[in-house]
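Biologist: I'm new to this one and would like to learn how to read it. Could you walk me through it, feature by feature?

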Amino acid sequence: MNQDQGESRPATRWLSEPLLWERGRKGRSGLSVPTTGVPVAPIPAGAAGEGPDWPDLGELEVVRHYTRLSTWNFGVDSGMYPLGSCTMKYNPKINERLAGLPGFSGAHPLLPETAAAGALQLIYELEQWLAAIVGLAAASLQPAAGAHGELCGMLMIAKYHRERGGTRRKVLVPDSAHGTNPASAAMCGFSEVKVPLGADGRLDPKVVAGLLDSETAGIMITNPNTLGLFESSLPEISRLVHAAGGLVYADGANLNAIMGRVDMTRMGVDVMHINLHKSMSTPHGGGGPGSGPVAAGKTLEPYLPGPRVGYQDGRYFWRRDLPHSIGRLHAFHGQFAVAVRAYSYLLALGGEGIKDASGYAVLNANYLKEKLKAAYDLPYDETCMHECVLTNAKQRGDKIATLDIAKRLIDLGYHPPTIYFPLVVESAIMSEPTESEAKEDLDAVVETMRQIASEAKSNPDLLHAAPVTTKVRRLDETSAARKPKLTGDM
Amino acid sequence: MTNRYFPHTPEDVREMLGVIGVGDIEDLFASIPAESRLESLPAVPGPLGEYELGRRLEGLAATAGGDWSVFLGAGSQEHHIPALVPALSGRSEFLTSYTPYQPEISQGTLQAVFEFQTLIARLTGLPVANASLYDGATALAEAALMARRVTGRRRLLVSSLVHPHWREVLATYLAPDPEAEVTLLPPGPDGLTALADTGVGEAAALIIQSPNFFGAVEDVARAAEIAHAAGALLLVGFSEPFALGVLKSPGSLGADIAFGEGQSLGLPQSFGGPGLGLLSSRQEFVRQIPGRLVGEAKDLEGKRGFVLTLATREQHIRRSKAVSNICTNAGHSALTAAIFMAAAGGSGFRQLAQANHDLAEYLKSGLLAAGFTPLGGGKAPVTFNEFVLRAPAGFSARHAELCRRKILAGLALSPYYPALSDAWLFGVTETKSREDIDQLLREVKA
């Protein structure tokens, strides 16, 4: 690395910040302890402990520590975040305010149902809306994230077969699926049967038919799939799977392409999950918490987790008499504060706006694809849905890896797309711009991507060295995994 | 149709469609067969402008129950949240980022999680903690599955004084496994798990909670002896991390894995979610830990940084062979908890915990004076900020009357433990003053 690159990191922004325990002094505290006015009640000697050895910091020390850390992060609010399959759309500010209303945020989950009527109503209505958006019969907000929703759906399928005395153990999973799909199936005791994609990047009903047998419990399908293509044969595949006695699970990670447009019941889907932290605009928070509600058709509705919210004669109540339910999946009622944000988002859009959101998301992805396909390899050149998959094939001759392109994007002000996924495409670059981006911003990222393609030829070392404008440069992940240091005390 | 969340003008759309080479946005959906389409728009009301949206949700919030005065925890605790906590965790660079797959532009999240793991390891007295799970209930389920992987055994012994909802979630996770066997250990007469007659046998784990659902501090050291003598692991849960401010940690008493709910650490109750699932363990089990782990790494110039690590445990690498399917966790809850823990410091946390205990003991003695009685005969167990007492005749009616005034004076245990028809769970935190408690005691006696 040359001197110039080193100096391109503005010193003030990247000031190093010590770890919490490298600062502070015993006896400080950043919060106030109330004077109780009641007698001190000592803990009996046998049970009494010392308490955790946490560093003592003053209030301003804590404020500066986390403020500094935040400047080393990149969020949707910082710039475009076209991370494929993650739907990093704008997270409306109003939703944060509303989720924090004291009536919601201060509600104890075990309040009598009449005391929490507003909370039950919100859950009930959001469940109805989510079911309507995908054309299924009912939904449950209990699953806490997408993978938890997958687990929920597969537990429902497992219970359905158990009740019929079946020992069906196989679940079909396409090659292009997210890793959570086979992992969720495995947690339910299912073994994975891999389904190869057809030449057009989609599932071929004939291939699926050849893999079905009396052991098949079901199939897990992501639609649109992770290549950004709509699985047009899903109705036929569903008929085949149902005829073999299996059920159909749809992974809703890519729902943002088809919100309010596709009828999962007509496509033969029995159960699916919906990521509120993707399609429904709730913030991802640097790793969660998300929310992964599950919607079901008539066949599997009785298996939804419980308790569920019911409504009759103007009153909301908990339904606990659910003989087929898989039971509880969350300590209380799911990620309620996330649900408030999603509820607010859906109301801000309305039925037509929900459909429009998908329209603009697909428009943006196709625009990006068209503008980039001259500079980058596009393995499936057709209309895409909400995301497009490019590769580094045109840059490989210059010894440029997909990782190099991603890291150079960081230096030029963008969060990289998802890379090396889906696995069915070598060195994939998977971009999902979402409907939130304006045309000028798409044009700007296109210019940047074209610049990188030309730099790959003219100055490949620039890409190999990237990023150089960040707090740290490329990190040695191999050594970190070989001898893991997971706490400051190791 | 224009909406504040869509920046597209009609001219933008026209130009973009021209580049793509189609005439209408709907043409982009040609690959969706007519037979797969919704026949009408989804029945969702709106669109609402921001002001109307506020009005509508404020209306719901007004009847959601946040204005009640609640004298119990039961897995969801009302603690004061210092103003700096949401001010910092709400910074949008933290809030609007994804899981830190690109470490160079995620060092804020990654350093915060590394610090979080360290603070949780110290809190629980075990050397390794993960980056979070969804909530306490799923932390129990994941800890139990982890113990089965570590020991190669399948049977679980579970205290019936582990939070009843958490046990339900464990049962949901285990339901597809025909070989899963869960033996429930009954409560003893004093509100502690009956540990003597466990018959640990070939179990993978003995699972207890301390303080347990009744608020009582279990004999964790004795449980460790019993579990370890049979080659089983001891798993210790908690739903109120404040207890560990003044009690011995699970790790120091012999727990092999600790699991818990971290909501108390700066997170609002929010009708029960999102919470914060905590999991820590002994060092040698690190490759069986579910969920994300952040580790220290060096960059090209030898500078300290942090990365997601040991990904070979995880679903995106191992797929069906992964130790868990978890992907998204409770990252922002973990960040929030870390900020809370940093603000409290060891000294402040200890004082806060002591204040909780003092107030709870004050309420307990007041209720005992008002005719409530300990659960069993004999010596009452040590409790932290929750406890169970038997109520005098007529208390149910009094409880219902207080509900009409938005006061929740304890939780009846009979729906969870039918044999305990007159037992109630109470709890207080530092958010209740002496005056609040005196007022409640007057009401209970009235």
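Modeller: Happy to, and keep in mind that this is a predicted model. Let's start with a side chain and a backbone atom: a polar atom of the A:Thr418 side chain lies 2.7 Å from the backbone oxygen of A:Gly84.

Biologist: Which strand does A:Thr418 lie in?

Modeller: A:Thr418 is part of strand S11 of chain A, which covers residues 418-419.

Biologist: Is A:Thr418 buried or exposed?

Modeller: The cut-off for buried is under 20% relative accessible area. A:Thr418 has 13% relative accessibility, so it counts as buried.

Biologist: And what is A:Thr418 in contact with, leaving aside neighbours within four places in sequence?

Modeller: One group is A:Pro82, A:Leu83, A:Gly84 and A:Cys86, and the list also includes A:Ala428, A:Ile429 and A:Met430.

Biologist: Let's turn to cysteines. How many disulfides does a search of the whole structure find?

Modeller: The general idea is that a disulfide is a covalent bond between the sulfur atoms of two cysteines. Over all chains, the search here comes up with zero. Take A:Cys152: the nearest cysteine sulfur belongs to A:Cys188 and is 9.4 Å away. The cut-off for a disulfide is 2.5 Å, so A:Cys152 is in none.

Biologist: Are A:Cys152 and B:Cys403 buried or exposed?

Modeller: A:Cys152 has 0% relative accessibility and so counts as buried. B:Cys403 is at 17%, and it counts as buried too.

Biologist: Now the two chains. How do I read the area that chain A and chain B bury between them?

Modeller: The size of an interface is often given as the accessible area lost when the parts come together. For chain A and chain B that comes to about 16,600 Å², with 64% of it on carbon and sulfur atoms. A:Trp54, A:Tyr66 and A:Leu486 supply 5% of what chain A buries against chain B, more than any other three residues.

Biologist: How many residues does the contact take from each chain?

Modeller: Chain A puts in 209 residues and chain B 181 residues.

Biologist: And how many salt bridges are there between chain A and chain B?

Modeller: The count is 10. A:Arg261 forms a salt bridge with B:Glu26, where the closest N and O atoms are 2.9 Å apart. On the side of chain A that touches chain B, helix H10 (residues 336-372) gives the most, with 29 residues. That side divides into 113 nonpolar, 55 polar and 41 charged residues.

How values were computed
Residues are numbered from 1 along each chain as its sequence is written. Chains are lettered from A and ligands numbered from 1 in the order in which they are written. This is a predicted model: local features need pLDDT of at least 70, side-chain atom pairs count only at pLDDT 80 or more; totals for chains, interfaces and linings use all residues. Side-chain values use heavy atoms; hydrogens and water are left out. Buried means under 20% relative accessible area, exposed over 50%, partly exposed in between (1.4 Å probe, protein chains only). Contact means heavy atoms within 4.5 Å. Buried area is the accessible area (1.4 Å probe) that two parts lose on being put together, summed over both. A salt bridge is a side-chain nitrogen of Lys or Arg within 4 Å of a carboxyl oxygen of Asp or Glu. Helices (H or I, at least four residues) and strands (E, at least two) are DSSP runs, numbered from the N terminus. Ala, Val, Leu, Ile, Met, Phe, Trp, Tyr, Cys and Pro count as nonpolar, Asp, Glu, Lys and Arg as charged, and the others, Gly among them, as polar. A polar contact is a pair of N or O atoms within 3.5 Å; within protein, one must be able to donate a hydrogen and the other to accept it, and residues adjacent in sequence count only if both atoms are side-chain atoms.
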